[in-house]
Amino acid sequence: MNVKQQDKLATGVLYTIASLIILVLASLLAFILIQGLPRVTWHFLTTPARSFEAGGGIGIQLFNSFYLLVLAMLISVPLSLGAGIYLSEYAKKNWLTSLIRTSIEILSSLPSVVVGLFGFLIFVIQFKFGFSILSGALVLTVFNLPLLTRNVEESLASISSMQREAGLALGLSRWETVTRIIVPEALPGITTGMILGAGRVFGEAAALIYTAGQSAPALDFTNWNPFYIASPLNPLRPAETLAVHIWKINSEGIMPDAVAVSAGASAVLIIAVLLFNLSARWFGQHLYQKMTSSGKKGA
Amino acid sequence: MATEKIITSKDVHLYYGEREALKGIDLDFMAHEITALIGPSGSGKSTYLRLLNRMNDLIPNIRITGDIRLHGQDIYAPATDIVQLRKEVGMVFQQPNPFPFSIYENVIYGLRLAGEKNKAVLDEVVESSLKAAAVWEETKDVLHQSALSLSGGQQQRVCIARVLAVKPAVILLDEPTSALDPISSSKIEQMLVNLKADYTIIMVTHNMQQAARSSDRTAFFLDGKLVEYSETAKFFTAPDRKESEDYISGRFG
């Protein structure tokens, strides 16, 4: 076999592997969507679930998923930005920072069910937050923080050191250089990572079963006072999310249309996660073009 | 020609860990002149240049002794405001390093962060800086396009404009044209000569013709020492030291 034939063979093998991956993804998506989409109607998306009779929806679970996501991101985005900036721009190379990095790596490889049990013991029991949105958001932060921090650190580290020198040499302080030059330059990468992280959080079930709970009490969508017990915004109410709901109806659902509800909910979940992924790509590219080409703010 | 000393340095030593990279440099710079620092790679000229705006401070494990003064003020005194120092002593690097923002934003970035908001002032600074850096004609219609869309030579001139916009007294250039083609290089060289009425320029260069053509004084570094420092015309025609003569005639380095 000569070099050209080897090359052809290798290319063929690589194409086959690539198409296999695409095939798996495509058939998975097709299966879930074909099973689930017929069920997805406006009514399905907006009505509460029913435990014993057919015709229930996923309205509250859907709302819970988004609310929990927003709260979790509100906590983890600033923390991960701070930690990432520290590790990339300020931390010296010593045993302390390598300990921090190792901890982050270990944290990011913990199984989510373990993180969930930890959250149950600490937030639900110890801090007496109960099964609540707050416990769920905190445990999602624990789950998400290492990956986001890693993403911020790597996005910043990929900016050339010449840019830092340029900023400092212009008489900018280190803080100004980091916040006004390096972070803006890294923003497309950071944003993409954040959105992908959001997608991961949105689909998370195991960490939430013991923290945000498995029940979705009726909500009063006319009262948005966060201290009112049935308010959608109340952070101390239990909140079953979409992913947890799918797990629950498949393991102990007793409504007659459990299979259909599960299929519909799965379709909605997967569409949401897909939207997060696609928007991450689009948004990252868009932001990069905006940052680098056209004149921005007031120019 | 003015002969006021703007920067003085006495017995400057610099150590990377154990290694002594600068071995006692005495060197004074005259205001409104172009001084060229030449010498083979590793001779310490870039290291010395980066002492003058304290860019070496970022390097771990470094030790600096001696006395460097700008306008008579010790720039390594504990009370020195490094940020302020770097506003007075600007720097242009070997590789053009514009920020990935628009040309306009690149030029005014320093001023904007210093709090200048008046658009008329900013517009004026953009125009005058780009004109002084000899890149206005090429950029005036595309000010709001990315600086990265420019050629390397244009990028480097925008970087110089960015430094000029902060109005430093001294501009340090670390091999500013070594990554550029000859035409861009000569444009920058010509521009530097025009700038010396308003600025003091100190330039590291590997290009002997460039040093000979554009500088007023030349300092020759070898192995961490300053071998010879004299007026450029004299240095290139009748150097005092044998090493200088060997170097400019291409016998080593």
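Helices (DSSP runs of H or I, at least four residues) and strands (E, at least two) are numbered from the N terminus. The model is a predicted one, in which local features need pLDDT of at least 70, side-chain atom pairs count only at pLDDT 80 or more, and totals for chains, interfaces and linings use all residues. Residues are numbered from 1 along each chain as its sequence is written, chains are lettered from A in the order in which they are written, and side-chain values use heavy atoms, with hydrogens and water left out.

Begin by selecting residues 3-36 of chain A, helix H1, whose 34 residues should span 50 Å at 1.5 Å a residue, in agreement with the 49 Å between its end C-alpha atoms; the expected span is 1.5 Å times one less than the number of residues.

Within helix H5 of chain A, A:Val113 is partly exposed, at 37% relative accessible area (partly exposed lies between buried, under 20%, and exposed, over 50%, with a 1.4 Å probe and protein chains only).

Finally, move to chain B, where an open sheet of four strands runs in the order S2-S1-S4-S5 with antiparallel pairing (two strands pair if DSSP finds at least two bridges between them). Its edge strands, S2 (19-30) and S5 (73-74) of chain B, each pair on one side only. Select S1 (residues 5-16) of chain B to see the strand that nine bridges join to S2(B), and then B:Leu14, which stands opposite B:Leu22 in S2(B).
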